[in-house]
Structure formats: C-alpha cells, structure tokens
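Morning, everyone. Please look at the structure on the screen, and I will walk you through it.

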Amino acid sequence: MIHIVIGTKAQLVKMAPIMIRLTAWKIPYNFIFTGQHQDTIEEMIKDFGVKQPDKVLYKGSDITSVSAMFFWALRIIWASLIQKSYIFGGDREGIVLVHGDTFSTLLGALMGKLAHLKIGHIESGLRSYNLFHPFPEEITRILIFHFSHVLFCPGDWAMRNVINFKREKINTLENTLYDSLISTSKYPDRVDHVPDYPFVIISLHRYENIFKKSKFQEILHIIDWIADYYKIIFILHPSTEKQLCRFGLYEKLNGNKFISLRPRYNHSDFISLLRKCEFVVTDGGSLQEETYYLGIPCLLLRKVTERKEGIGKNVVLSNYDEQVVKEFSQKYLQYKFEPIILEDSPSDLIVRKIRKYSSDSISLTQ
C-alpha cells in the first residue's frame, strides 16, 4: 500500500498532484493527516479535489508554538506506537511518502519506521549547509535523509547533495509544486480580493526572522522602506501575527496606510493574488519556488536558501543587506519573465516509481 503522511498546508499543495494522479490511475492510497495545520485545510482538500483523510491523528488548533509542537509530537508518536494497525492497516510491504522538512515529515518517517515500512522522501536533497538557517528545517532534512529508503530529488543539485547517502535516488527534475500551479491555473482567477492598483506581497514566517525582537524589528525597518515606494499586502501567518502582538509591533505596522495586513489565504485565492503582484518579499521556500515557475520577481529575506529555483534569475538573496533591498526594489522588472512550461511532470515520474507498492489487500478501515 502507498501511505501519504501530510500535516501542513504547504505539504498538501505539493503532494496533491501525486494524490490526484494516484486516483486517476486507480491506484489506492492511505491518506494520513497529522493535523499540524487545521485552518482552511478542508477547503484546500476540496479545491484540489483529493479525497478526505483516511486517518486523522489530531483535531485541534493549528500548532504554532514550541510547547504545542512538543505535546502534539508526543501524541502522534504515542499513537504510532499503539495504533500501528489502525494507521497503516497492518501493512508490512508498503511505502510511506513524506514531504519536505517539517515536524510532520519527521513524525511520518518515524511512524513508518516503527511499522517496518519503507520511507519515500519527496522534495529530498535540499540543503542550505547552515544548521541555523533555516532552523530547525535543515536539521530535520538531514534526519529524514537517514530515515528514508527512496529519495525523490527535484533536480541535479539536490541529487548531488545526497550522493553520500546509500539510498535509492530518483531525479524528478523539478518540484511537484509546478504540477500544483498548473492545476490551479485551470480555475478562473478570484479577483474580488485582488487590488486594482500595483502592489507588493510580503510573507514572513521563519523562526530565525520572527522569534527574536531585534531581528523582527530589523526586517520591519526594511518593510517600512519598501512601503515608502509601493503599496504592500502583508500576509499574516498565525505565528507571525502572534509575534507581532507579543513584541508590541502590530499596531505600528497596522498604522501604516500603505500596508494592508491580511490573514493567510487559501491556496487558489493566494495564487490569484500572486499572479497580479509586482514582486514578492518572503522568507518562504515554497513561495520562492512559486515565483520562479510564474516568473515573478522575488526578494528573499534570508542569509541562505536550500532551494536553487530562481536564484540568479528572478530571485535575489538579500542577506538582509539594505543596499540589496533597495537595488532590487528599484530594478525588479529586470527579474520578471514569462511563466515556465515543463515537458515532464514531476508527479508523473514519482507515481510511476511508487505504483509497484500498490496493493488492494490492505484495508484502510482496520
């Protein structure tokens, strides 16, 4: 049996194309939702047209704090120890697919190992080679490489990063996010929330940027400078909004008439917004990839990135240097290009590889 473990919205966005193809090719799979993100996940499942989770391991608020993460992780590990037959249907021959570098990725791999199943890591081989940027994702990735049996790497660079790991390696050439964007493009833009004036999107959520007040203030100074020249839509991740309030920075940001603070969008609405913006300022890896496939200028508020998509093309790594920020903001049009069109689907390559694990003999309701 093929088991797919998902806990966050970003993971669903990148795993949905695989799930869609499994359904289209009549290959059964077991969808396990760890519940790390609850907000709008139901709407995203409907938008992508994938089935409801077969197993839900946690129902509650989004996991946004370290303490909540700790207790949530303990709960998932405990469930995997005493409910192996329930979670994986008694399967001993299948594969557990995990994605990326989150705690849900790590927990999914641990659950699979405890059930003596093979582990397949989607979006494998990404490295920043800096344990603290991003933190803790870089550490998580290294652990997942060790736990996995099959590494699905999105390109030659990612393949080279795992050359010393004695695992089966599959080059998917690009990221499954591309297939997700193609799927989203089939739907009409939802323009009711898209401004009729030029605007910039800002989206920040990484630990190293928002959990220390001095660093957050440094970043907000950069945003204030950009707001002197462009109207901004600031997408508030729950953890980002929480830290703004904690540090007493929310009101100042909200008081800037050129900055519109908006809650996190569902995926299809956000992509509609993204397609219309002038440029993006972010610390998110997935958003970096989306801007690359769409040809949208992107400024990364990071020191290093584990992703190569767009670097030297539409993506500029700022290293928090104000001069770099200013030059990018003034010359962003030179980083814009037409959306990329691929010949091969990364998700097709993955499904062709994993379908050998398909079996109708495992019950999902055990």
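One term before we start: two residues are in contact when heavy atoms lie within 4.5 Å. This is a predicted model, where local features need pLDDT of at least 70 and side-chain atom pairs need 80 or more, while totals for chains, interfaces and linings use all residues. Numbering runs from 1 along each chain as its sequence is written, and side-chain values use heavy atoms, with hydrogens and water left out.

Start with Val 5. Which residues does Val 5 touch, leaving aside neighbours within four places in sequence? They are Ile 32, Thr 34, Val 96, Leu 97, Val 98, Ser 104, Gly 108 and Met 111. Val 5 sits in strand β1, residues 2-6. Strands here are DSSP runs of E, at least two residues; helices are runs of H or I, at least four; both are numbered from the N terminus. Val 98 is 93 residues away along the chain, yet the two C-alpha atoms are 5.5 Å apart. Val 5 has 1% relative accessibility, so it counts as buried. Buried means under 20% relative accessible area, with a 1.4 Å probe and protein chains only.

Now the whole chain. Of its 366 residues, 57% are buried. It has 16 helices and 13 strands. The C-alpha trace spans about 60 × 45 × 45 Å along its principal axes. Take contacts between residues at least 6 apart in sequence: 68% of them join residues at least 24 apart.

On a 1 Å grid over the protein atoms alone, a cavity is a set of points where a 1.4 Å probe fits but cannot get out; a pocket is an open set with protein on both sides within 12 Å along at least five of seven lines; lining residues have an atom within 4 Å of a point. Volume is the space filled by probe spheres set on the points, which are joined across faces, edges and corners.

How much space lies in the second largest pocket? About 280 Å³. Its lining has 18 residues, and Pro 154, Gly 155, Trp 157, Lys 308 and Glu 309 lie nearest the centre. Helix α7, residues 156-161, gives the most to that lining, with four residues.

Last, the cavities. There are three of 30 Å³ or more. Thank you.

Key: Buried means under 20% relative accessible area, exposed over 50%, partly exposed in between (1.4 Å probe, protein chains only).
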